[in-house]
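Please look through the sequence and the model shown here before reading on. The report below then goes through a helix, an interface, the cores and the charged pairs in turn.

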Amino acid sequence: MVKNKSLNKRRMSFSFRSLSLQQRLPLLISMLLLAIMVTFSWISYIGVKTAALETGKERLRSLASQLSVMFSRSTQSILAATQATANHESVIKVLQPGGSEFRGQALEELQKLRLDSTWVLVELLDINRQLVIYSERDSAHVKSRFDSLQQAFPLNHLAKFGKIYQLGDFMYYPIIAPVTHDNRVTGYLVRWRLLAASPKALEQFSQLIGTKAKLYFGNADGSLWTNMTNVVSYQKIDTGNLRGSFEYLDAKGEKLIAAARPIANTSWLISVEFPEQIVLQMANRFLRQLIIIGGILIIVGILIAWLMSRSLTKPLNKLMLAASAIADGQYSSPVKVHGNDELGKLASAFNSMAVQVQNARQDLENKVIERTVQLEASNRELESYSYSISHDLRAPLRAIIGFVSVLEDEYTNKLDPEAKRITTVIKDSTMKMGQLIDDLLAFSRLGRNEIVKTNINTREMVNEIINELAPVNDGNKIEWIIRPLPGIYGDANMIRQVWTNLISNAIKYSGNKEKPRIETGAFIDKEQATFFVRDNGVGFDEKYKGKLFKVFQRLHRSSEFEGTGVGLAIVEKIISKHGGKVWAEGAAAKGASFYFSLPA
Amino acid sequence: MIADSVDILFVEDNFNDAELAIRELKKHHMANNLVHMEDGEEALEFIFGTGKFKGRNITRAPKLILLDIQMPKINGIEVLQKIKSDPRTRTIPVIMLTSSKEDPDIQKSYALGANSYIVKPVDFKGFSDAIRNLGFYWLLLNQPPV
């Protein structure tokens, strides 16, 4: 479980450092490019959007103003015609006291104003808004329907379009012109007209302002709004802002921008609006283009970065390969990196380094060969030296002993006891000399011999040696304690020499004890086996411990114990050749323990 | 002159060693037909009837050759090689004499066909015993091929 968990964790944690150089560089560059592109695109988009919106609004404002002026102009001829009728003599006179004789003539004038079917009614009112005469196209009930409206429109001394009113399914508006006599307003001429836009007119409008744009007319007091076809609920208009533009959200939540303007000579407002989206279309298209261009730029950037990083890492890889080739000892492949940049310089520095390393190595090898040759020569010299020692030093010794023996055998009658003692001394000393030569040769040979390691059955080896040196069934009085001994991996001949020397020493130095006891054993400590040989013999003085393992150093007199002082030196040399250690513990007359440890 | 019939050819450059060995052999009556050569060159001349010994009947080969390894001019190993590579002398038993039993020449001698070896110990008694025993064996007990 725990293992799985740590595994998952490792898989999940993404580390930038774990990426190779070749991956890191394009990643960094693409991230940088992305950040730049996003920021730049956003800023540009905002700028373009603002500009587009401003342009749109500007266009809207000017459109609204133009339409307002256009409508205002189109009212002028109607107002002029109405005012002309209001100024007609018969119309003026009919409002004067006793002017009823002009009624027929005035009515005739009024009838002239009903140019087509949209002109539904023409009325003449006196100053108190009392109907004097009227002309109607259809029947009397039309007039009665307008009666209620007569009080509604404002009256003043200027001809003007009145507010739009709704009657049933239709909308009507009055055109009012004052009738004056002697600079006094004596009554009003009111023409009612049906508000109706032909489909053709509507189409013309939409062509003029654009299909998505909408045009509304309404009363300045906000009492009614129309799209020229129907009455519409259009309460969002900000009548306080009739110079600029404004924004609002429609019922669907769509954002609209609008501009409203008063129409001169009327009580009307005109409003033009269109969805903000139309205005922003261009900006959005711009944004899309930016995103596409940005995407292309990023892809190209990554490609270039990848190529760049490859051009960086390829020589690095080459260097790496060359370095590991050199580590493997192959100097023959110089790094082929061209160019004068840092990498090229690094490569040429590397190549010259490789050459130097190769030369240094070659030098070293040559030196090693030279030294080996010298060493071999001196080894051979030493070999022949020890050979001649063994032959030439022994020959005189043999002669001494041989002729002394001849003396003893063939001239025994002529030698007195003292002479015989002297011949014995000569023989013993010569024998000792021979032994010394043998030991010295054995010791010097040790240094040259190669170690051939095998697995040694230590217990078997120790038993053999004990039987050889002091056979147990030979009636010897030694008490042997042999503890478990682990195997040794080493040179069998040499290790045998070690055990032989240590055990024969133990036998020798415990020989004059009443009950000699010799113990061998081992303990294993920290991957090392330590062996020991312990006796209860004469021991040694700890003061001279340092001399124990030196050649020809003895801690006992020859008269006490025979020996040449080479045995322990041989032990020390063999064990150190095996990478082990030798040491001893002891006290005078209390026995000695010899230890050696070998690496497992 | 030297007799044609030779029991032992003893090749030893060291006079002291030679004298002691001959003394020992004489003591046991084995030195009656013993010829002592002082170096390898002389020994080869004797064996193959050349040089000083031109005209010697070489078919009367010694029954045993005691050959010291360490000698001036031509050493024991070379002499052994010549003896063992010649069909006429190949069957003669050769005992090598050496100062040390660790001598690498012992191995070489056996490889070349030596029949035995004696270490010349400092201890004279050991030496004389070895000489006597080997002499007895090779002269009296061993039957050379006909």
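A residue is called buried when its relative accessible area is under 20%, exposed when that area is over 50%, and partly exposed in between, with a 1.4 Å probe and protein chains only. This is a predicted model, in which local features need pLDDT of at least 70 and side-chain atom pairs count only at pLDDT 80 or more, while totals for chains, interfaces and linings use all residues. Residues are numbered from 1 along each chain as its sequence is written, chains are lettered from A and ligands numbered from 1 in the order in which they are written, and side-chain values use heavy atoms, with hydrogens and water left out.

**A helix of chain B**

Helices (H or I, at least four residues) and strands (E, at least two) are DSSP runs numbered from the N terminus. In helix α4 of chain B, which covers residues 104–112, B:Asp105, B:Ile106 and B:Ser109 are buried. Looking down the axis of α4(B), these buried residues fall within an arc of 105°, so they line one face of the helix; the arc is that of the directions from the helix axis to the C-beta atoms. B:Gln107 and B:Ala111 are exposed on the other side of α4(B). The buried residues of α4(B) pack against α8 (342–410) of chain A, and also against α3 (76–85), β4 (94–98) and β5 (116–119) of chain B, where contact means heavy atoms within 4.5 Å. Just after α4(B), B:Gly113 has a positive phi of about 110°.

**The interface**

Between the two chains, 19 residues of chain A are in contact with 21 residues of chain B. Chain A and chain B bury about 1,800 Å² between them, with 58% of it on carbon and sulfur atoms; buried area is the accessible area (1.4 Å probe) that two parts lose on being put together, summed over both. Of the area that chain A buries against chain B, A:Tyr387, A:Arg398 and A:Phe403 supply 37%, more than any other three residues. There are three salt bridges between chain A and chain B, a salt bridge being a side-chain nitrogen of Lys or Arg within 4 Å of a carboxyl oxygen of Asp or Glu.

**Nonpolar cores**

A nonpolar core is a set of buried Ala, Val, Leu, Ile, Met, Phe, Trp, Tyr and Cys residues joined through side-chain atoms within 4.5 Å. The largest such core has 49 residues, and those with the most contacts inside it include A:Leu67, A:Leu124 and A:Trp268. Helix α2 (residues 21–86) of chain A gives the most to this core, with ten residues. Apart from it lies another core, of 40 residues, among them A:Ile465 and A:Phe596.

**Charged pairs**

Over all chains, a search of the whole structure finds 30 salt bridges, including those tabulated here.

| Salt bridge | N to O distance |
|---|---|
| B:Arg23 and A:Glu410 | 2.5 Å |
| A:Glu247 and A:Lys57 | 2.5 Å |
| A:Glu247 and A:Lys255 | 3.6 Å |
| A:Glu365 and A:Arg361 | 3.3 Å |

A:Lys57 is buried, with a relative accessible area of 15%, whereas A:Glu247 counts as partly exposed at 35% relative accessibility. A:Glu365 and A:Arg361 are four residues apart in helix α8 of chain A, and therefore separated by about one helical turn. Salt bridges that share partners also join A:Arg398, B:Glu12, B:Asp17, B:Asp68 and B:Lys120 into one network.
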